[in-house]
Amino acid sequence: MKIAFIGPKWNEMVNAYPSLGLAYLAAVAEEDGHECRIFDFGLRPQRSLEDEVQDVVDFHPDLVAFTSMTTSYASVEQTARMLKEQTGVTTIIGGPHATTLPHETLENPHIDYLIYGEGEEVFQDFIRAQVAGRDNWGDMTGLWYKEEGRVIDGGERELIKDLDALPYPARHLFELNQYPLYAPNGEPMLTVLSSRGCPYNCSFCFKGIVGRTYRQRSPQSIADELQHVLDNYGVRNFYFIDDLFTIDVRRLDQILDHFIERDMDIRWRCLARVDRVTPDLLDKMYRAGCRQIHYGIESGNEEVLKRTAKHIRLDQVRDAVRWTEESGIHSKGYFILGLPGDTTETMEETIEFAASLDLSEAMFSIATPMPGTQLWTELLRKRPETRYNADFTKSYYYNSYTSEIAPFMNVSEVGDDVLSQMAMQARQRFLEAKKQRMYRQSFGDTTGDLLWNVSQVGPIRRVGSALARAGLFGTFRRTKSQYFGAAQWS
Ligand code: B12
Ligand code: SF4
């Protein structure tokens with residue numbers, strides 16, 4: 001069979017990383033000998049949908065498989081309609097949106113089948129049955145379909161137990177050199193998944209796909225996959241996008257041993273919770289190539305933080321960020337503005353808190369109640385008339401910093417204008433605090449503060465920059481590279 005996998009367009013933003021979901025599904029299909037192609041429409045947001053669709057039509061697929069988040073579903077609807085009208089091809093959908101709203105999704109006349117939750121096993125069963133010409137789907141758990149226009153609920157398959165049994169993601173099907181995912185030194189970077197699932201239940205997080213049971217691949221299999229990428233793609237920078245990379249310390253220790261003992265020439269970053277790192281662990285992570293950790297910090301106000309059910313405290317945040325920087329690893333913090341309970345004062349605290357931490361980077365998002373999350377349930381309680389609508393395309397969970405930020409389904413205590421303004425200011429204020437720290441580190445606290453204040457005067461700043469470029473202020477330049485540049489990844 002010829003299978004076209006489609007990563008939809010979103011809004012004007014580029015899809016920063018290849019979809020590992022599609023890559024795993026394509027790998028499973030390729031194992032069975034199918035000819036697969038991945039069309040990531042999100043890679044070129046400015047290219048017309050007509051041109052993208054034409055590429056798929058020219059491939060003459062027997063099956064078109066869409067992945068979709070809630071934010072990109074409006075685009076899937078449009079694409080599926082165009083493809084059905086032009087070719088009548090069979091279509092199937094999976095991913096977070098399909099799993100959150102399966103009935104509504106399948107009611108779309110241009111979508112024939114839907115796979116609920118984790119996809120590899122059901123998808124493999126489905127394509128095998130398609131090849132065999134089967135037309136009775138009643139006993140294929142996890143596959144939803146339609147009978148005489150009526151949606152048939154296929155339930156949910158058990159989560160995959162043995163993640164090591166899955167093939168490596170079919171990365172060769174992407175135009176890898178086109179994705180804007182780079183290490184700070186400019187080298188290309190690829191994503192990896194070493195575990196699935198998370199037992200926590202934060203209010204803003206969607207848990208419908210990989211569930212609450214933490215499942216892990218063996219350390220050997222992870223190290224082997226990285227070696228495979230090094231050997232076959234020449235990429236040595238990795239981003240572990242696991243929900244909880246550091247939660248099982250014993251397993252992590254073994255992974256690190258593999259990286260160290262094999263003397264792998266790699267650099268990597270991961271996501272982690274602040275309550276799941278220790279100084280010893282961080283030291284070892286550094287020795288094993290870790291150079292950046294991204295922490296979900298969310299809020300600088302304890303009460304607002306408590307309401308997210310994240311189960312972390314601000315003192316844990318301070319410790320984790322300090323230990324991380326002391327180990328030589330750089331840290332990035334994710335913050336959310338506009339959470340339930342957020343007022344101007346609490347958001348001010350969040351921005352101040354972010355600015356007070358020795359983080360290398362910070363990202364400020366606006367809370368968006370995605371269907372399927374606790375935030376969404378809370379919103380429905382308050383405003384029962386709320387429904388999913390195509391406007392989710394415009395939801396700015398994080399902002400691009402280039403355009404106006406408009407809150408979408410504001411759940412905070414302030415109006416849209418205030419929220420939007422604070423979100424616009426947050427990053428600038430963080431960067432200024434960071435620069436001021438850099439001056440202090442280079443010149444000492446008093447002189448640093450003095451020079452920082454002087455540097456805020458436009459013409460003087462320009463002279464200072466010229467002198468720095470000319471090679472003066474050596475310490476300052478080194479510190480700057482450490483703070484903002486490639487030295488973060490050496
Ligand atoms: C990496 C990532 C990104 C990356 C890249 C996404 C990509 N191209 O895959 C970036 C940074 C671009 C991103 C952006 C956003 N993300 Co994101 N992201 C993730 C993250 C952390 C990992 C995704 C992943 O690779 N998972 C592992 C793979 C194996 O799982 P999967 O992709 O879900 O695929 C499996 C199943 O869903 C299913 N499946 C998927 N597609 C299909 C298709 C078919 C045909 C079939 C049969 C099955 C199937 O089978 C796959 C294999 O088991 C997830 C969290 C998570 N734990 O998954 C959030 C997550 C997917 N993101 C989320 C959100 C909210 C966003 C943003 C809206 C944030 C924003 N506004 O800025 C944007 C939206 C971007 C868009 N294009 O619409 C939510 C989605 C909620 C929802 N209802 O849609 C998640 C679940 C986070 C969360 N826990 O809330 N994201
Ligand atoms: S935000 Fe992180 S810790 Fe919280 S539920 Fe989602 S994956 Fe788990």
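Helices, in the sense used here, are DSSP runs of H or I with at least four residues, numbered from the N terminus. In this predicted model, that numbering places Met409 in the loop between helix H13 (374-382) and H14. Met409 has a positive phi of about 55° although it is not a glycine. Met409 counts as partly exposed because 19 other C-beta atoms lie within 10 Å, and the threshold for a buried residue is 20 or more.

A second residue with this kind of backbone angle is Ala309. Its phi is also positive, at about 60°, although Ala309 is not a glycine. Ala309 belongs to the loop between helix H10 (302-307) and helix H11 (314-327). With 13 C-beta neighbours inside 10 Å, Ala309 is likewise partly exposed.

Along the principal axes, the C-alpha atoms fill a box of roughly 75 × 55 × 40 Å. Of the 490 residues, 40% count as buried. Among contacts with a separation of 6 or more, 73% are between residues 24 or more positions apart.

To return to Ala354, its contacts beyond four places in sequence are Gly300, Gly333, Phe335, Leu359, Ala362 and Phe430.

Several strands can be traced from one to the next by their pairing. Strand S8 (residues 189-192) pairs with strand S11 (residues 237-240) in the parallel sense over four bridges, and here Val192 stands opposite Phe240 in S11. S11 is in turn joined to S12 by four bridges, again in parallel, with Tyr239 opposite Arg269 in S12. Strand S12 (residues 267-272) then runs parallel to S13, to which five bridges join it. Arg269 also stands opposite Gln292 in S13. How much of strand S13 (residues 290-298) is buried? Nine of its nine residues are buried, so this strand is largely enclosed by the rest of the structure.

Another strand, S2 (residues 35-40), holds Cys36. Cys36 counts as buried because it has 22 C-beta neighbours inside 10 Å. Leaving out residues up to four places away in sequence, Cys36 touches Ile3, Phe5, Ala26, Ala29, Glu30, Ala170 and Leu173. Leu25 is 11 residues from Cys36 in sequence, and their C-alpha atoms are 9.8 Å apart in space.

Which residues are around ligand 2? They are Cys198, Tyr200, Asn201, Cys202, Cys205, Asp243, Arg273, Gly296 and Lys310. Gly296, one of the residues around ligand 2, falls within the range of strand S13 (residues 290-298).

Note on methods
Residues are numbered from 1 along each chain as its sequence is written. Chains are lettered from A and ligands numbered from 1 in the order in which they are written. This is a predicted model: local features need pLDDT of at least 70, side-chain atom pairs count only at pLDDT 80 or more; totals for chains, interfaces and linings use all residues. A residue is buried if 20 or more other C-beta atoms lie within 10 Å of its own, exposed if 12 or fewer, and partly exposed in between; C-beta atoms are placed from the backbone. Two residues are in contact if their C-beta atoms, placed from the backbone, lie within 7 Å. A residue is near a molecule or strand if its C-beta atom, placed from the backbone, lies within 6 Å of it. Helices (H or I, at least four residues) and strands (E, at least two) are DSSP runs, numbered from the N terminus. Two strands pair if DSSP finds at least two bridges between them.
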